[in-house]
Amino acid sequence: MQPHELELISLTKRYGDALAVDTIDHRFGAGVYACLLGPSGCGKSSTLRMIAGHESVSDGSIVLDGRDVSRLPPARRGTAMMFQSYALFPHLNVRDNVAFSLRMKGVDKIKRHARAMEMLELVDMAGHAERRPAQLSGGQQQRVALARALITRPQVLLLDEPLSALDPFLRIRMRAELKRLQRELGITFIHVTHGQDEALALADEIIVMNGGRIEQAGPAREVWARPATGFVARFIGGHNVIDAPGGTVAVRADAIRLATPEAGALTGHVTGVEYQGAHVALTAQANGQEVTALLPEAVFFDAPIAPGAAVGLSWDAARAHPIRA
């Protein structure tokens with residue numbers, strides 16, 4: 001499978017008078033793992049479904065490998081979609097579930113079964129080929145759904161909240177499996193999620209959406225370290241948005257230091273202390289703003305502070321960067 005570039009040009013989706021996706025432009029590099037990240041209702045799933053062809057495009061274009069696919073049916077786009085529910089046929093065994101799309105295309109039984117077994121080998125499920133979906137765990141069903149999506153040799157694989165139905169431990173394990181598969185295949189994966197940790201763990205590129213628009217897009221580390229807006233800083237997590245004398249800035253929680261009340265850049269009182277194992281999250285109300293400091297566990301317990309105590313908060317100027325409010 002060869003990677004192909006995908007471009008969204010002024011892509012728009014309306015549902016009656018409601019604007020779900022508002023003239024977004026974005027180019028996905030060939031062979032990247034990209035995550036569309038944002039809260040419910042931000043337009044990320046509508047964007048994914050338009051790319052797949054499961055939602056019509058109101059305005060704009062979807063261009064894959066130099067070809068406008070905006071009005072093509074899903075089967076002719078060069079994309080494949082893995083749904084949140086997995087949507088496996090309960091009456092078919094694993095091999096026939098994976099081979100189903102080839103059956104619909106008229107591929108003979110021997111060839112489609114051979115191809116299905118190749119895909120099941122890829123996702124480490126060949127030993128379960130004769131089982132029905134009800135005999136599989138959630139993680140195993142996800143692997144089968146992946147194999148079924150990949151059997152069409154898509155140029156782009158689209159994943160709609162694929163890990164949301166799994167328990168937390170399995171979710172972490174399957175993140176590693178998805179990343180391994182994407183690297184082995186070398187094709188573009190576009191993955192919709194509202195989980196910041198999931199996006200950071202998987203993505204080469206994160207596209208943060210808000211209100212139907214792209215709020216910020218870039219390499220995962222860049223989006224995390226330098227959020228462009230107050231919304232991104234708050235949604236991506238781990239940051240404080242602070243109204244400082246020179247303007248609004250984002251400061252990472254692990255960059256906040258505790259000081260005496262008179263020595264801090266901000267002065268306030270502690271409102272919460274949460275032990276998180278390696279760190280302690282201390283929340284303070286300072287100058288009308290809520291600020292969180294993420295302190296190493298040993299540092300906090302060397303001089304513990306209780307809720308209600310007065311505290312000063314400071315940070316190095318180099319650790320703060322200006323943002324759009």
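**Close-up 1. Asp254 and Arg252 join their side chains in a salt bridge.** In this predicted model, the N to O distance of the pair is 2.9 Å. Asp254 is partly exposed at 37% relative accessibility, and Arg252 is partly exposed too, at 24%.

**Close-up 2. A salt bridge links Asp22 and Arg213.** Here the closest N and O atoms are 2.7 Å apart. Asp22 belongs to strand 2 (residues 18-28) and Arg213 to strand 10 (residues 213-219), so the pair ties together parts that lie 191 residues apart in sequence. Asp22 is buried, with a relative accessibility of 16%.

**Close-up 3. Glu118 pairs with Arg115 in helix 3.** Their closest N and O atoms are 2.8 Å apart. The two residues sit 3 positions apart in helix 3 (residues 109-122), which means that about one helical turn separates them. Glu118 is partly exposed at 44% relative accessible area, whereas Arg115 is buried at 10%.

**Close-up 4. A network of salt bridges links Arg143, Glu177, Arg180 and Glu184.** The structure as a whole holds 16 salt bridges.

**Close-up 5. Welcome to the largest pocket, with about 560 Å³ of space.** Its lining has 22 residues, and Thr79, Ala80, Met81, Ser101 and Thr152 lie nearest the centre. Strand 6 (79-82), helix 2 (94-104) and helix 4 (138-150) each give two or more residues to this lining, with the largest share, 4 residues, coming from strand 6. By class, the lining has 14 nonpolar, 5 polar and 3 charged residues.

**Close-up 6. The second largest pocket has a volume of about 180 Å³.** Among its 13 lining residues, Gly237, Gly238, His239, Ala253 and Leu294 lie nearest the centre. The lining divides into 5 nonpolar, 5 polar and 3 charged residues.

Note on methods: Residues numbered from 1 in each chain as written. Predicted model: local features only at pLDDT ≥ 70, side-chain atom pairs only at ≥ 80, totals over all residues. Heavy atoms only, no water. 1 Å grid on protein atoms, 1.4 Å probe; cavity = no way out; pocket = protein on both sides within 12 Å on 5 of 7 lines; lining within 4 Å. Points joined across faces, edges and corners; volume = space filled by probe spheres on them. Nonpolar A, V, L, I, M, F, W, Y, C, P; charged D, E, K, R; others polar. Salt bridge = Lys/Arg side-chain N within 4 Å of Asp/Glu carboxyl O. Buried < 20%, exposed > 50% of the residue type's maximum accessible area, 1.4 Å probe, protein only.
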